[in-house]
Structure formats: structure tokens, C-alpha cells
Amino acid sequence: MAKADLLSAILERASLISFDESKSISEEDLKKILTAEIRAPSAGNIQPRTFIVVKDEEVKERLYELCENQKFMKAAPVWITICLDLHRHLKASKLTGGDYDFTGILPYTFGVLDAALSLENMVIAAEALGHGSVIIGSIIEHPQKVKEIFNLPEHCLALSILYIGHPKKKPKRSEKWSYKVIVCENSYRNISLKELLEYWRKLVLNSLKRSGEKPTRKDVEKACRERSYGIAYSNHYRGICEKLEQESDALLDGVRVAEVTGCEV
Ligand SMILES: Cc1cc2nc3c(=O)[nH]c(=O)nc-3n(C[C@H](O)[C@H](O)[C@H](O)COP(=O)(O)O)c2cc1C
């Protein structure tokens, strides 16, 4: 694929929520996608990430239940679980006499960044090969159960599952915050409350339509109020933001995470 084609694959990409069950992914393509994952950038090249290809039907069933029975998952031929994995680093560090402190927030933050970069590499590789994909994040809300399912070691946390397959029909691209809202120059810029609300309503409406709903104005207002990451996850995240603020002022360069993310709202 030419570079220009790769760029249009990125710009045209949309998550699949309807897979063509009759079409599979060849082992050759799967290997290319997983190799793209390995080639992603990584802080210190530590690569704190492990990817588990799920083939066992019983395991799939258990994950399906944890992911709120989102039906389209079952039609996807390829399931890949993405783990933030500091286990290898810890072991290697200890074996070589290191006493690296894994309790801080920095390994977690860099680990999530690393895992996300390699996850996106797989998303792009799948697009470049003419397939489609969707990420489902629900497993993050059940860390203990997922740990048991995959027999994960200490310091290894499953973050998401990537589903790859063929679209039944070309998915519509989603609404995004506009370029002028999301891209700042030199310093953070707040948009007006009016603009903020307009965009928020547009984004939420688009997401509701994506799931096949025909929402009324009232539905949209309710969804605008309620759209979040789920209580358990939000509380977890709030804790992380607070820790980040305490521990990593220099890292954040004076920007308060809670302000940027809206965690305190
Ligand atoms: C971490 C993460 C978790 C997600 N979880 C779900 C999910 O549980 N169900 C779903 O239908 N889509 C899920 N998605 C896909 C998003 O809904 C999708 O990316 C978003 O609507 C934007 O659409 P687009 O990918 O087509 O641009 C998730 C995406 C990410 C990055």
C-alpha cells in the first residue's frame, strides 16, 4: 500500500459494529497485524504490553458476558486482548539486580500509552489490509475476573479487546470534536460554553444513532447527562488523576489533569 493510501485508510477509518460472519482473516494477515503491534514506539523500549489472541470458544463466551453481551462481538473472527504488562520488566529488572519501584503512577501511565500505541498500530494495519476493527473496553471494569480467565501474572492488567473482521457494510465515520476545538497552539484554549454544549450534543446524538437508535430531544439530553466511563472506572480514574497531580507536577508541566479531563465536574 502506498503512503498516501495509508493516510486515507487512517482518515476514512470507522469502528465496525457489524461484522460479516462468513469472512475470516488469514493467518498471514493476522501475523502482519500482530507484527505491526510489536513495531510501535515505546518509552525506553521497555514495551510493557502483551497481546493475547483469543481462539477458545469458552473463553470467548466468558469475555462476551463481561462485555455486556454486545452481540456484534461474536461475529468478529479475530479477538485480541491488549494488556498493560509490567511483569516482564519487573522480572528482568530484578534478575539483573535492579530494585525498580513499580508502585508509582509513571509505569502505569507510560504502560497505558505504550499499549495504546501498539493497539492503534494494529487498527491501522487491519485497515491497510482491507479489514475493519473495533475496540471494546468493558473488560477494564472486571480486572479480577479477566486476570483469572487469562491467568495473568502480577503487574499485568487487561485493558481492552480488539475485534477484527470484515464489514457487512461500510461503517459511517463518527462525529468528532472539530479541528479548531481540539488543536491548540502554544497553550490550552477553552472554547465558549455555548460551543461546548453544541458540540457535546452533536457528538452524543451521533453516538446514539451509531447504535441504531432514533433518539428524541429528551433522549439526547438524558444521554448528554449520563455519558461517561461508568462509575467504577470513573472513580478509579479520579484516583489516578489525583495521584498524577501529587506525583508528577514536572511531567504535567503545570497543567492540572483534573481541569483538562473534567474529572472534578
Ligand atoms: C477504549 C475504548 C473502548 C471502547 N469500547 C466500546 C464498546 O464497549 N462498545 C462499542 O460499541 N464501541 C466501543 N469503542 C469504540 C468507540 O465507540 C468508537 O471508537 C467511537 O464511537 C468513535 O467512533 P470511530 O472509532 O468510528 O471513530 C471503544 C473505543 C475505545 C478506544
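Helix α8 (residues 193-210) and helix α9 (residues 217-226) approach each other to within 9 Å between axes and cross at roughly 105°. Helix α8 is therefore roughly perpendicular to α9, a term given to angles of 65 to 115 degrees, while angles under 35 degrees count as roughly parallel, over 145 as roughly antiparallel and the rest as oblique. Axes are lines fitted to C-alpha atoms, for helices over the stretch in contact, and angles run from 0 to 180 degrees between N-to-C directions. Trp200, Arg201, Val204, Leu205 and Leu208 of α8 meet Asp219, Val220, Ala223 and Cys224 of α9, where contact requires C-beta atoms, placed from the backbone, to lie within 7 Å.

This is a predicted model, in which local features need pLDDT of at least 70 and side-chain atom pairs count only at pLDDT 80 or more, whereas totals for chains, interfaces and linings use all residues. Residues are numbered from 1 along each chain as its sequence is written.

Helices (H or I, at least four residues) and strands (E, at least two) are DSSP runs, numbered from the N terminus.

| Helix pair | Axis distance | Angle | Contact residues by class |
|---|---|---|---|
| α8 and α9 | within 9 Å | roughly 105° | seven nonpolar, no polar, two charged |
| α3 (residues 57-66) and α6 (residues 143-150) | 11 Å | about 175° | five nonpolar, no polar, two charged |

The angle between α3 and α6 makes α3 roughly antiparallel to α6. Their contact is made by Val59, Arg62, Leu63 and Leu66 of α3 and by Lys145, Val146 and Ile149 of α6. In these classes, Ala, Val, Leu, Ile, Met, Phe, Trp, Tyr, Cys and Pro count as nonpolar, Asp, Glu, Lys and Arg as charged, and the others, Gly among them, as polar.

The loop between α8 and α9 contains Ser211. Ser211 counts as exposed because it has 9 C-beta neighbours inside 10 Å; a residue is exposed with 12 or fewer other C-beta atoms within 10 Å of its own, buried with 20 or more, and partly exposed in between. Although 194 residues separate Ser211 from Ile17 in sequence, their C-alpha atoms are 8.2 Å apart.

The protein has twelve helices and four strands.

Strand β2 (residues 78-85) is joined to β4 (residues 156-165) by eight bridges, in antiparallel fashion, and Ile82 stands opposite Ser160 in β4. Five bridges link β3 and β4, also antiparallel, with Gly132 opposite Gly165 in β4. Four of the five residues of β3 are buried, so this strand is largely enclosed by the rest of the structure. Across the protein, 19% of the 265 residues are buried.

Strand β3 also contributes three residues, the largest share, to the shell around the ligand. Among the residues surrounding the ligand are Ile17, Val134, Ile135, Ile136, Ser160 and Ser207, a residue being near if its C-beta atom, placed from the backbone, lies within 6 Å. The shell has five nonpolar, seven polar and no charged residues.

Note on methods. Contact = placed C-beta atoms within 7 Å. Pairing = 2+ DSSP bridges.
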